[in-house]
Amino acid sequence: MYQSATKDFIALTLTDQNCHIYNNGKHRKQSCWRKWKQLSRLQRSLILALLALLLILGLLSFSHVSMQRREFSNKEDWLGMSDDLLKPAFPGVKSVFGPNEEGKAPAPVVRPNLGSDSVPELKEPNVPAFQKPHTNKKIFPNKRGPPSLQKNGNVSDTFVVARQEEDKEEEDGEKPKKMVSWRGAMIEADQVTEPPPSANEKDDAAPPVPNVSVETGMNRLEAVRDAFRHAWKGYKDYAWGHDELKPISKSFGEWFGLGLTIIDSLDTMWIMGLKEEFAEAKQWVEKELSFNQNVDVNLFETTIRVLGGLLSTYHLSGDQLFLNKAKDLGARLMPAFKTPSKIPFSDVNIGKGTAHPPRWTSDSSMAEVTSIQLEFRELSRLTQDPMFKEVVDEVMKKVHKLPGKHDGLIPMFINTNSGQFSHRGIYTLGARADSYYEYLLKQWIQGGKTEDELLEDYIEAINGVKKHLVRQTGAHKLTFVGELSHNRFSPKMDHLVCFLPGTLALGVHNDLPGDHMDLAAALMETCHQMYTQMGTGLSPEIAHFNLHATDGHDIIVKPADTHNLLRPETVESLFYMYRFTKDPKYREWGWEILQNFNKYTKVSGGGYTSINNVRDPENPEPRDKMESFFLGETLKYFYLLFSDEKDLLSLDKYVFNTEAHPLPIWPSPPK
Ligand code: DMJ
């Protein structure tokens, strides 16, 4: 039976056109079999060999497919396993995996506590006075840095990625301009920052801040300088003249094509006394920087980073070059204000002199149109040309009078045609609204505390924040600023909101209500906890807070929010809090953050990288991007936090723009 079946099979497999398939199976069998018999022995052997080969190939491909399937399900096992095995940074906070915001491969992330994530009905705030948080002794597993970022760690990985990138660039014919690296003392200094791997392994036993004089803070300052040099080296070697460094692929990213990192870094280098680096950057500004480019730039980003950076560098260095560049840029940004409502468009072509809103809307975001004032006002003062100040003051006046605020809180968008708020009903101190509140206070300070409308709006807004947005967690009474969405409270806080403790403290320093300082201190503690409760000791982009005491956890991180972009806000606030209180704990907290940036984001070969997963110290997943604000803001605020130099940028003489560029407080009030 087996034999006859085989014969049948063979006969049917022969596709000889004479071997027809008939309806009648018997006929078919006979006809094909006859043909087979007519073949020579050699022919039959060849055919049989061919069939055997096909059979083997078939078997092989079957086993390959099933192996792939097995691997796939193993991956699922691995992810599932890591979900369970991931060491929770805070006991009981579980991890899950899911797609990240860029739709990349799912990574182990933190499982939100569903119980607390529900949005409770808006009630009266539950924090009449700020209860001191129960500060647990810090849960801070002093782990080793991730293998991929260790100096002697995954060098080959980094190399392979870089090599592949280079190969690709060679194929594309777009090899980035390699710059001659500045070598010498800088490299040695760089090595001081990162402890040798052996030291990392012994971290648990080591004293918290080895070899550092808390009194003088001197070594910490050197550590910040080293971090800056390391970041700068990566930028110089692989991204010189471009907007941002991609330190893992050793390449660059372009946003506006304005050498953002160089300009954002200028005043930081000046403040840190990095003369050689400053001289080189200045030379680039002089020789290479041109705003006469057919390029669309974002009005807000260009104002805070480039205009702000040029103006502050002019003030610090006294070099006219920077003011001339600032004037040129300011004039090129002016077309943004030519709108029916005088509320500026978000984008300007600085070469063509045209402006437009984003493609999908005629709205601008509130933070963007109300956080360009410090810079434009200062430009008018320096140039004696009122037009810059007039256009931005007009925006503030309009917003001051605009209906639709909620106890001083503003919606996130404004329409450039109607000049009215749009997308009403959502109130946040985070993205798209944050620096509106910051600039109310800072403009008032800049102008010598004479512009009453700004102060009124600020005080009213902070009262609104306290009334509608401030809550405490159930477990450890951590104070946070949530969001209001159509009258429902959401216990969600962006890391961006961590600018608020610093701003509140600055207000109190300028004689605003003392209870603002209580809120500042309570929020500062929470921002600190957003770092310490993560496996890497670095904050996620967004935290959710648990209003219930049920499971003892305060902070929940959703899968899409586990990244850290090297943002400055917490360090910024630590700087203000330390300046005004001199409480050494703020320096300690800052020092821990700097060490963790070094452990988990420092890239061997140069630069620091954003990471995808602050929960996983073993694999924080580098994102391959160093934002210009890491040099412009984060490292500058670290330096200022640790510096004991008495008159270094006194907060009675300077006001920092939202990108950490110091601008002078005016000696006489504006006219
Ligand atoms: C910076 O560009 C500024 O601080 C801005 O106000 C908010 N975003 C980044 C830093 O996080």
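Which two side chains meet in a salt bridge with an N to O distance of 2.7 Å? Select Lys233 and Asp237 and you have the pair. Keep in mind as you click around that this is a predicted model.

**Stop 1: inside helix α8**

Stay with Lys233 and Asp237. They sit four residues apart in helix α8 (residues 218-239), so about one helical turn separates them. Side chains of opposite charge can pair when their charged atoms come close.

Now select Glu222, Arg225, Asp226 and Arg229. Here salt bridges share partners and join these residues into one network.

**Stop 2: helix α11**

Go to residues 299-317, helix α11, and pick out Glu301 and Arg305, again a pair four residues apart, about one turn of the helix. Their closest N and O atoms are 2.9 Å apart, and they form a salt bridge. Are these two buried or exposed? Glu301 has 14% relative accessibility, so it counts as buried, and Arg305 is buried too, at 4%.

**Stop 3: a link between two loops**

Next, select Arg567 and Glu541, whose side chains meet in a salt bridge (2.9 Å, N to O). This pair links distant parts of the chain, 26 residues apart: Arg567 is in the loop between β18 (555-556) and α20 (569-581), and Glu541 is in the loop between α19 (515-532) and β17 (542-545). Arg567 is buried at 16% relative accessible area, and Glu541 is buried at 13%. In total, the model has 25 salt bridges.

**Stop 4**

Colour β11, β14 and β15. Together they make an open sheet of three strands in the order β11-β14-β15, with antiparallel pairing. The edges belong to β11 (426-427) and β15 (488-490); each has a single partner strand, so one side of each has no neighbour in the sheet.

Zoom in on β14 (residues 483-485): three bridges join it to β15. Across from Leu484 you'll find Phe489 in β15.

**Stop 5**

Select helix α14 (residues 373-383). How many of its eleven residues are buried? Eight are, so-called "mostly covered", among them Phe376 and Leu379. Just after α14, look for Gln384, with a positive phi of about 60 degrees.

Finally, show the surface around Leu50, Leu53, Leu54 and Leu57, which make a nonpolar patch of about 410 Å². Leu53 belongs to helix α3 (residues 41-85).

Definitions and conventions. Residues are numbered from 1 along each chain as its sequence is written. This is a predicted model: local features need pLDDT of at least 70, side-chain atom pairs count only at pLDDT 80 or more; totals for chains, interfaces and linings use all residues. Side-chain values use heavy atoms; hydrogens and water are left out. Patches are made of residues with over 30% relative accessible area and no salt bridge: like charges are joined within 9 Å, nonpolar side chains (Val, Leu, Ile, Met, Phe, Trp, Tyr) within 5 Å. Accessible areas come from the Shrake-Rupley method with a 1.4 Å probe; for residues, only the protein chains shown count as cover. A salt bridge is a side-chain nitrogen of Lys or Arg within 4 Å of a carboxyl oxygen of Asp or Glu. Buried means under 20% relative accessible area, exposed over 50%, partly exposed in between (1.4 Å probe, protein chains only). Two strands pair if DSSP finds at least two bridges between them.
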